[in-house]
Amino acid sequence: MKCIICKNPKDEKDFNEEHVFPDSIGGEYKIHNVCKDCNGHLGKTIDSKFIKTGVIRAINHDLKIENKKGKVVPAFPNIVVDPNDNSIRLKPLWDNKGNLKDTEFETTIKGNIVKYDETKSLNTILSELDILYKKDRIPVLKCIEDEEEKYNKFLEIKEDFKQKYEKNEFTSSKEPIEQHLETFGEEIILESLKISYELTHEILGEEYFNDPLCEIFRDYLVKGKLDDDFESKIIFEGFYEPINNAFNFHHFILFNINNTLVSGVTLYNTFVSIFIVSKDASRYNLKENKYIIFNEPQDNNNSEMV
Ligand SMILES: [Zn+2]
């Protein structure tokens with residue numbers, strides 16, 4: 001059997017299951033004509049970069065999608081802080097289901113703070129402070145032995161915090177970590193290109209190796225990145241719907257339009273990428289003008305002809 005990525009003929013034992021839609025986003029549809037080496041390469045260069053993209057992390061977290069280890073990955077990294085001597089370090093801790101379970105304060109409670117969650121009310125933060133006080137987890141208070149003195153100091157800290165919060169003074173002198181949710185990044189296009197290539201092969205069969213456009217797609221996957229003129233080579237169109245409409249639904253569609261085969265990959269019902277995958281549909285023995293493949297959790301792969 002020939003691997004569709006490296007094109008090398010290999011033994012059956014050199015192949016394993018390739019999740020067309022990454023399993024970290026709930027991918028269920030599998031193919032068996034990608035060799036183990038190429039599978040590893042695609043995972044490292046394409047799938048993992050896609051999963052780490054800010055907007056994908058945020059959606060996965062919001063939809064509570066578990067990765068292959070059964071864990072909902074936090075929407076942003078744990079430390080969102082100005083590491084100045086005089087700053088509070090806020091460290092949100094997430095549980096495996098993506099819920100905020102605790103907030104740790106580090107260093108001293110004076111100076112600046114980066115608000116890591118603007119939706120959090122003052123009362124919520126103050127009650128979190130109370131919990132931390134009860135657990136004796138505010139570092140600056142730990143060294144005070146006298147209980148009354150400790151409590152008074154805590155009230156002072158709280159008051160100081162409250163005033164700063166109300167005056168909106170909690171802005172770091174250093175750049176806060178930002179999440180660029182509006183990015184329509186190369187990672188999403190490349191992931192969509194991979195899905196398009198693999199499912200086009202699935203529908204068209206080995207004859208697709210002889211298509212001039214096949215080689216262009218394959219080349220991007222072997223390199224694991226796009227170049228500056230990819231849009232002119234594969235005539236890519238991309239758009240996306242508002243991300244608050246995202247849900248865990250991915251699908252692929254292949255059309256025959258006047259002898260040109262066009263594919264569309266939709267991820268999270270939101271990111272749509274369109275590619276021209278062949279300029280000569282007549283070389284294939286296609287029974288239908290439109291093929292749709294859904295990523296659905298079920299035992300058998302489902303390809304529906306419309
Ligand atoms: Zn291979």
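What share of the 306 residues of the chain counts as buried? The answer is 25%. The model shown is predicted. The legends below start with the whole chain and then move to close-up views.

**Figure 1. The chain holds 8 helices and 10 strands.** Contacts with a sequence separation of 6 or more come 60% from residues 24 or more positions apart. Buried residues make up 25% of the 306 in the chain.

**Figure 2. The largest nonpolar core has 44 residues.** Five members touch the most other members: Ile5, Leu193, Ile195, Phe217 and Leu221. Four helices each supply at least two residues of this core: helix 1, helix 2 (54–62), helix 6 and helix 7 (212–223). Strand 6 (251–257), strand 7 (260–267), strand 8 (271–278) and strand 9 (290–294) also supply at least two residues each. Which element gives the most to this core? Helix 6 does, with 8 residues. As a general background, nonpolar side chains tend to be buried together in soluble globular proteins.

**Figure 3. Ile5 is one of the core residues that touch the most other members.**

**Figure 4. Helix 1 packs against helix 6.** Two packed helices are described by the angle between their axes and the distance between the axes. Helix 1 spans residues 36–52, and helix 6 spans residues 186–204. Their angle is about 125°, and their axes are 8 Å apart. The two helices are therefore oblique to each other. Helix 1 passes helix 6 in a left-handed crossing. From helix 1, the contact takes in Leu42, Ile46, Asp47, Lys49 and Phe50. From helix 6, Glu187, Ile188, Leu190, Glu191 and Lys194 take part. By class, the contact of helix 1 with helix 6 has 5 nonpolar, no polar and 5 charged residues.

**Figure 5. Asp47 is a residue of helix 1.** Is Asp47 buried or exposed? Asp47 is buried, because 23 other C-beta atoms lie within 10 Å, and a residue is buried if 20 or more do. Asp47 touches Pro22, Leu42 and Glu191, not counting residues up to four places away in sequence. Along the sequence, Asp47 and Lys194 are 147 residues apart. In space, they are 9.2 Å apart, C-alpha to C-alpha.

**Figure 6. Helix 6 also packs against helix 7.** The angle here is about 130°, with the axes 10 Å apart. Helix 6 and helix 7 are therefore oblique to each other. Their crossing is left-handed. Helix 6 brings Leu193, Lys194 and Tyr197 to the contact. Helix 7 brings Phe217, Arg218, Tyr220 and Leu221. The contact of helix 6 with helix 7 has 5 nonpolar, no polar and 2 charged residues.

**Figure 7. Helix 3 packs against helix 5.** Helix 3 covers residues 122–134, and helix 5 covers residues 147–166. They pack at about 160°, with their axes 11 Å apart. How are helix 3 and helix 5 placed to each other, roughly parallel or roughly antiparallel? They are roughly antiparallel, because angles over 145 degrees count that way. Helix 3 passes helix 5 in a right-handed crossing. On the helix 3 side, the contact is made by Leu122, Leu126, Leu129 and Tyr133. On the helix 5 side, Phe154, Lys158, Phe161, Lys162 and Tyr165 make it. The classes in the contact of helix 3 with helix 5 are 7 nonpolar, no polar and 2 charged.

**Figure 8. Lys64 has a positive phi, near 55°.** Lys64 is a residue other than glycine. Lys64 sits in the loop between helix 2 and strand 3 (89–94). Lys64 counts as exposed, with 11 C-beta neighbours inside 10 Å.

**Figure 9. Asn269 has a positive phi, near 60°.** Asn269, too, is a residue other than glycine. Where is Asn269 placed? Asn269 is in the loop between strand 7 and strand 8. With 14 C-beta neighbours inside 10 Å, Asn269 counts as partly exposed.

Terms used: Residues are numbered from 1 along each chain as its sequence is written. This is a predicted model: local features need pLDDT of at least 70, side-chain atom pairs count only at pLDDT 80 or more; totals for chains, interfaces and linings use all residues. Axes are lines fitted to C-alpha atoms, for helices over the stretch in contact, and angles run from 0 to 180 degrees between N-to-C directions. Angles under 35 degrees count as roughly parallel, over 145 as roughly antiparallel, 65 to 115 as roughly perpendicular and the rest as oblique. A crossing is left-handed if the near helix is turned anticlockwise from the far one by less than a right angle, and right-handed if clockwise. Two residues are in contact if their C-beta atoms, placed from the backbone, lie within 7 Å. Ala, Val, Leu, Ile, Met, Phe, Trp, Tyr, Cys and Pro count as nonpolar, Asp, Glu, Lys and Arg as charged, and the others, Gly among them, as polar. A nonpolar core is a set of buried Ala, Val, Leu, Ile, Met, Phe, Trp, Tyr and Cys residues joined through C-beta atoms within 7 Å. A residue is buried if 20 or more other C-beta atoms lie within 10 Å of its own, exposed if 12 or fewer, and partly exposed in between; C-beta atoms are placed from the backbone.
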